[in-house]
Amino acid sequence: MLRRRKGTEPASKSEPPKLDGEDDQDKKREKERYERKRREREFKKWNCVDSCCWFIGCICSIWWFLLFLFNAMPASFPQYVTEAITGPLPDPPGVKLLKEGLTAKHPVVFVPGIVTGGLELWEGHQCAEGLFRKRLWGGTFGEVYKRPLCWVEHLSLDNETGLDPSGIRIRPVSGLVAADYFAPGYFVWAVLIANLARIGYEEKNMHMAAYDWRISFQNTEVRDQTLSRIKSNIELMVATSGGQKVVVIPHSMGVLYFLHFMKWVESPAPMGGGGGSDWCAKHIKAVMNIGGPFLGVPKAVTGLFSAEARDIAVARAIAPGVLEMDVFGLQTLQHVMRMTRTWDSTMSMIPKGGDTIWGGLDWSPEEGYECIAKKMKNNDNQTAGQNGKVSLEKAKRVHYGRIISFGKDLADAESSKIMRMDFRGAARGNNLANTTCRDVWTEYHDMGIEGIKAVADYKVYTAGSLLDLLNFVAPKMMKRGSAHFSYGIADNLDDKKYEHYRYWSNPLETKLPNAPDMEIFSMYGVGVPTERAYVYKLSSAAECYIPFQIDTSAEGGQDCSCLKGGVYSVDGDETVPVLSAGFMAAKGWRGKTRFNPSGIGTYIREYNHAPPANLLEGRGTQSGAHVDILGNFALIEDILRISLCHSIIQWKPCLLPPVYATDGQ
């Protein structure tokens, strides 16, 4: 007879009591159930590795799916979708002119600007093994990620000579491929080249005047004989095209480079090319300058001063210290500064003309540029003029002549209330230097705390004092630069000193060629906020740090929308202000002047910026941005017509009158 376990009572009258054997079985089943649930919980537990794998898997799957669709769809599908959204697209300029019966006539020479031309390795150190004739600049930039310090080392030039360091040879890529695309999918000259090809141009009557954009203009001849090669190619193109003169199309810094070339080619050897005083008149029909920084750009100063422009400053503010931190031995901003300060060409774009051109503490050529906080609305009570803009009396006055101000209050203050202490005689020291900073030496490590404080105590810098500032913070760089570039205004261009090459790329210190039949065009975008002046602050002290940075917390507020993130903006093409791009054609070279003694015809065309209507348009066909303008259909059509026509008279009505004048109206 089974016995009931002691202390066990029936749960209810309807449930029979459990016996000892049954209770053991229940415990065993409960234990098994618990173990099973525990294993299930461990199996289902989600961790960081699972999330990363899942994310990478999704990205790869989506990528391969989109790649499959891209290769499977008809080539006309993107155009079909775009036309369905925006309506029929206009014919590309090359197709349009071909329908008019126009074909290739004048040979064309392209002169690329800074950073847009490819550079390849011809000799390097052991860390660059396997990269012979591979692009270190341009293309995919794969080596930046694989071996960043090696990449920086090879793209840097010698800090004393401005030429190749020992054991390294980087040379420009040759041919049209040198600057057709900057990176895969990012065109530079490709759209213009394709349109020229549609009307019969090919490589025999198109030439890319590629050069090493890192080194000074005269040194491109000393090291690579680039200027001589350009001269020979132009002479060959004229000879093989039945005597047709060339149309030269420089872009960005290439504008200054070709200005230097025109003086070099006519100057006697050995300093010049020995072509004679009529070489340009015999070989050049027109020079069509696109986005030319004739008088420099303010952002060149900030690049040399703190390795910044607006976008870098924003990134530096969002993630403080990230760009300066030592990640795997790479202190990004410091290495960028060390590298770019060896590129002498960047000094060609320091603002020229001093306060006379760029303005002083209390005035600037952009005086009256409207800086409105917001657009007028229908229910706004403010009085608006017929053009819908707030009257200038309500707009805040901006001191654009103060290119660098240490503090927003100093950027706005009356000049009589600014107490400045001269930094030029300040004591310098090496108390910032240490052994770890030698690898990222930027000359700031030789200044000392007192020197850095003296720079900030000067408070406000105009174009006239910027050169003194750069000479103080980067003496070695400026010593090299002063041998190759000048930034003044000539009093007497007949003075023999202006025969030296250091003056040839400054349009305010050199004469245009004696070529009255030649034509010069200034073509640039407008309608894009362009950097003009900056609010700075001292950086937080740290090892190997850059002591100055743009103060991105400085905002214009309700009364001034031109100040955003520590940067004052004016009208321009995002890089070059209208002042720099248009002044020489509108004023300095207009008619017979001391800068244009033969009266070469000068013309201005401004292209209003219109962003793409949708993503399918890519970078758009009506852009006025500094690089994207090379895909602007209106600009391309103008270039093609000049290259095809005998005279400017055939399309002169297309030109817009100059909108920039020295009084800023």
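Reader: What makes Cys58 partly exposed?

Author: This is a predicted model. Cys58 has a relative accessible area of 27%. Buried means under 20% and exposed means over 50%. Cys58, at 27%, is in between, so it is called partly exposed.

Reader: Why are Cys127 and Cys150 called a disulfide?

Author: Their sulfur atoms are 2.1 Å apart. The cut-off is within 2.5 Å. Cys127 and Cys150 meet that limit, so they form a disulfide. A search of the whole structure finds 1 disulfide.

Reader: What does the pair of Cys127 and Cys150 tie together?

Author: Cys127 sits in the loop between strand 2 (119–123) and strand 3 (135–137). Cys150 belongs to helix 6 (residues 148–155). The pair therefore ties together parts that are 23 residues apart in sequence.

Reader: Are Cys127 and Cys150 buried or partly exposed?

Author: Cys127 has 32% relative accessibility, so it counts as partly exposed. Cys150 has a relative accessible area of 8%. That value is under 20%, so Cys150 is buried.

Reader: How do you know that Cys58 is in no disulfide?

Author: The nearest cysteine sulfur is that of Cys60, 9.5 Å away. A disulfide needs sulfur atoms within 2.5 Å, so Cys58 has no partner.

Reader: Why is Cys562 called buried?

Author: Cys562 has 8% relative accessibility. Buried means under 20%, so Cys562 counts as buried.

Reader: What makes Gln225 partly exposed, and where is it?

Author: Gln225 has a relative accessible area of 35%. That falls between 20% and 50%, so Gln225 is partly exposed. Gln225 is in the loop between helix 8 (217–224) and helix 9 (226–240).

Key. Residues numbered from 1 in each chain as written. Predicted model: local features only at pLDDT ≥ 70, side-chain atom pairs only at ≥ 80, totals over all residues. Heavy atoms only, no water. Helix = DSSP H or I, 4+ residues; strand = E, 2+ residues; numbered from the N terminus. Buried < 20%, exposed > 50% of the residue type's maximum accessible area, 1.4 Å probe, protein only.
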